[in-house]
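Dear colleague,

Please find the structure below, handed over for your records. My notes on it follow.

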Amino acid sequence: MSKTVFTTKNLIKAYLNCRETKRHTINALKYELDVDRNLDLLRRSLANRTYRPGRSICFVVTFPKPREIFAAEFGDRIVHHVLINEVEDIWEKGIFIEDSYACRAKKGTHFGMHRLSQFVSAFAYYGQFDVSNFFPSINKNILYRCFSKVILRQNRPDFWKEEVLWIARVIIFNDPTKKYFYKGDPDLKKLVPLGKSLFDHDKITGMPIGNLTSQFLANVYLNELDHFVKDELGCVAYGRYVDDFLLFSNSKEEIIAWRDKIFAFLKNNLRLTANPRKQQIQPTRHGVPFVGYFIKPWGVTVRRNVVKNIKKKLYTYNNSVDIEHTVSSVNSYFGHFAHAKSARLRRHLVSEHMCLGLKTKIVVVGNYHHLGVRKLKNKEHKLYE
């Protein structure tokens, strides 16, 4: 048998990776009914180059703001994992910078917040900027060039490079707007702002939100910006979460000069536009809003909009009968809060924003560190049912 990336072993590994978070979905359950045959058919289509992505599910989410999502079929998600399993370590072990935080192992929001806390304490000024309509504006030709230049210089066999580049090209240049099924209220489409939908762009522009490969490839795309800022501009204190990036300096004028060069780089090299409404240059002593936190030189607090969101949810949860879901959701917020000065906030949320009926069904663990579902005694069941 000729050497190939698309082995049964690799597909099984990708399948198990994919199943970790999608096992109880309808598509995953259908796939699992005849998993051996389905994986073999997928392997054959990859090996003979007949594989093409299937129909995506398109829907609109409204929280925290309206966004258009294209979710790939389960089989296509397996292919996404095959690609990422092959190439992720290449970028992680020598190409991505330390201060790119989104969708990376051992990074994320908490890592980014703690890194920026160091910058806030060390520098007098910060500049915060954002790319306008980032995912729908990604140029597929530029993205493929960014990806392929790294793959081609790897010390790997030719068959590996050829197969990785082929499947990457299939995924990158797939246009989900040509083959999709819309799920949900059609009127929600109207809530997506102009320019933020893939339907607003041509076929070589835009990556769908909702796929593993989109998250990784977004970092590949903006890795060009990261190295421009760090290597060419010489900015030592820089951090990025998706398309939200920050620069730190003791000179406000230096940040302004950097900003102008960055905006030109985005336009000329990546065909992206900075969002004119989402940029600011301020003293760090005023505080830096980032990934749900407000970071000041003397401490970190939770952003007001995050507190507002959990209060809205608690209002709904007070009438919910699914206590385990309620506790799980609140604990996810409490886990976020735990990285900031928030003990008084957590106590306030439980005491003032949970109804008495809900509080009889939960238990507070530690100093309002997290909540647990109260296990009722037999004699209490009639009282709470």
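Leaving aside its neighbours within four places in sequence, which residues is Y144 in contact with? They are L165, R169, I172 and F173, where contact means heavy atoms within 4.5 Å.

Two remarks on conventions are needed before the rest. The model is predicted, so that local features need pLDDT of at least 70 and side-chain atom pairs count only at pLDDT 80 or more, whereas totals for chains, interfaces and linings use all residues. Residues are numbered from 1 along each chain as its sequence is written, and side-chain values use heavy atoms, with hydrogens and water left out.

Y144 belongs to helix α7, residues 140–152; helices here are DSSP runs of H or I with at least four residues, numbered from the N terminus. The residue is buried, at a relative accessible area of 16% (buried is under 20% relative accessible area, exposed over 50% and partly exposed in between, with a 1.4 Å probe and protein chains only). Between Y144 and S351 there are 207 residues in sequence and 53 Å in space, C-alpha to C-alpha.

Helix α7 also packs against α9, at an angle of about 85 degrees and with the axes 9 Å apart. Axes are lines fitted to C-alpha atoms, for helices over the stretch in contact, and angles run from 0 to 180 degrees between N-to-C directions. The two helices α7 and α9 are therefore roughly perpendicular (65 to 115 degrees; under 35 counts as roughly parallel, over 145 as roughly antiparallel and the rest as oblique). On the α7 side the contact is made by I142, L143, C146, F147 and K149, and on the α9 side by F216, L217, V220, Y221 and E224. By class, eight of these residues are nonpolar, none is polar and two are charged (Ala, Val, Leu, Ile, Met, Phe, Trp, Tyr, Cys and Pro count as nonpolar, Asp, Glu, Lys and Arg as charged, and the others, Gly among them, as polar).

Helix α9 has a further partner in helix α4, residues 74–92, with an angle of about 25 degrees and axes 10 Å apart. Helices α4 and α9 are therefore roughly parallel. In α4, the residues H80, H81, L83, I84, V87, E88 and W91 meet L212, T213, F216 and V220 of α9. This contact of α4 with α9 divides into seven nonpolar, three polar and one charged residues.

Two residues of α9 deserve a separate note. S214, which lies in this helix, is buried at 3% relative accessibility. A polar atom of the S214 side chain lies 2.6 Å from the backbone oxygen of P208. Residues up to four places away in sequence not counted, S214 touches F135, M207 and P208.

D226 lies in α9 as well, the helix spanning residues 212–232, and is buried with a relative accessible area of 0%. The side chains of D226 and R240 are joined by a polar contact of 2.9 Å (a pair of N or O atoms within 3.5 Å; within protein, one must be able to donate a hydrogen and the other to accept it, and residues adjacent in sequence count only if both atoms are side-chain atoms). Again not counting residues up to four places away in sequence, D226 touches I97, S100, Y238 and R240.

With kind regards
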